[in-house]
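Please find below my notes on the model you sent. They are meant to be read with the structure open.

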Amino acid sequence: MEKILTIDGRQVKFKSTGAFLLRYKAQFCRDALQDIFKLQAAIDGNQIKDIDALNLEAIYDLVWTLAKTADPTIKPPMEWLDEFSEFPLMDIVPEVTDMIFSCMTSTVPSKKK
């Protein structure tokens with residue numbers, strides 16, 4: 001799954017593949033699924049429901065990993081983020097949420113009846 005968003009006047013490509021979770025683990029030494037589930041508990045749609053459970057670092061890391069999956073030449077996370085004078089995270093997250101969760105859903109119909 002791919003998506004292009006305009007951030008700070010630049011076209012930024014995001015991509016979710018089977019390597020997304022592995023790339024996240026290799027870069028940040030954390031399990032992406034654990035971070036995703038913690039974030040899901042903190043955010044309901046576009047509303048923050050538990051500020052104490054909200055981990056902005058994990059959100060930035062997930063977004064960077066989606067961008068890195070789309071473009072292997074981007075810089076390390078902090079250098080990449082420094083390239084933007086504005087990075088409206090709360091506008092970006094709803095746009096990439098489906099990409100983040102696509103790595104956890106099945107496209108194969110259930111054979112159980």
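This is a predicted model: local features need pLDDT of at least 70, side-chain atom pairs count only at pLDDT 80 or more; totals for chains, interfaces and linings use all residues.

1. Helix 2 spans residues 32–42, and its buried residues are Ala32, Asp35, Ile36, Leu39 and Ala42. Viewed down the helix axis, these buried residues fall within an arc of 120 degrees, so they line one face of helix 2. An α-helix has 3.6 residues a turn, so residues three or four places apart point the same way. Gln34 and Lys38 are exposed on the other side of helix 2.

2. What do the buried residues of helix 2 pack against? Their partners are helix 1 (20–28), strand 3 (43–44), strand 4 (47–48), helix 3 and helix 5.

3. The N-terminal end of helix 2 is capped by Asp31, which places a side-chain oxygen 2.9 Å from the backbone nitrogen of Leu33.

4. Asp61 belongs to helix 3 (residues 56–70). Is Asp61 buried or exposed? Its relative accessible area is 7%, under the 20% cut-off, so Asp61 counts as buried. The Asp61 side chain makes a polar contact with the side chain of Arg30, at 2.7 Å. Leaving aside residues up to four places away in sequence, Asp61 touches Tyr24, Phe28 and Arg30.

5. On the surface, Ile48, Ile51 and Met90 form a nonpolar patch, with about 280 Å² of accessible area together. Of these, Met90 lies in helix 5 (residues 89–102). Met90 has a relative accessible area of 40%, between the 20% and 50% cut-offs, and is therefore partly exposed.

Definitions and conventions. Residues are numbered from 1 along each chain as its sequence is written. Side-chain values use heavy atoms; hydrogens and water are left out. Patches are made of residues with over 30% relative accessible area and no salt bridge: like charges are joined within 9 Å, nonpolar side chains (Val, Leu, Ile, Met, Phe, Trp, Tyr) within 5 Å. Accessible areas come from the Shrake-Rupley method with a 1.4 Å probe; for residues, only the protein chains shown count as cover. A salt bridge is a side-chain nitrogen of Lys or Arg within 4 Å of a carboxyl oxygen of Asp or Glu. Helices (H or I, at least four residues) and strands (E, at least two) are DSSP runs, numbered from the N terminus. Buried means under 20% relative accessible area, exposed over 50%, partly exposed in between (1.4 Å probe, protein chains only). A polar contact is a pair of N or O atoms within 3.5 Å; within protein, one must be able to donate a hydrogen and the other to accept it, and residues adjacent in sequence count only if both atoms are side-chain atoms. Contact means heavy atoms within 4.5 Å. The arc is that of the directions from the helix axis to the C-beta atoms.
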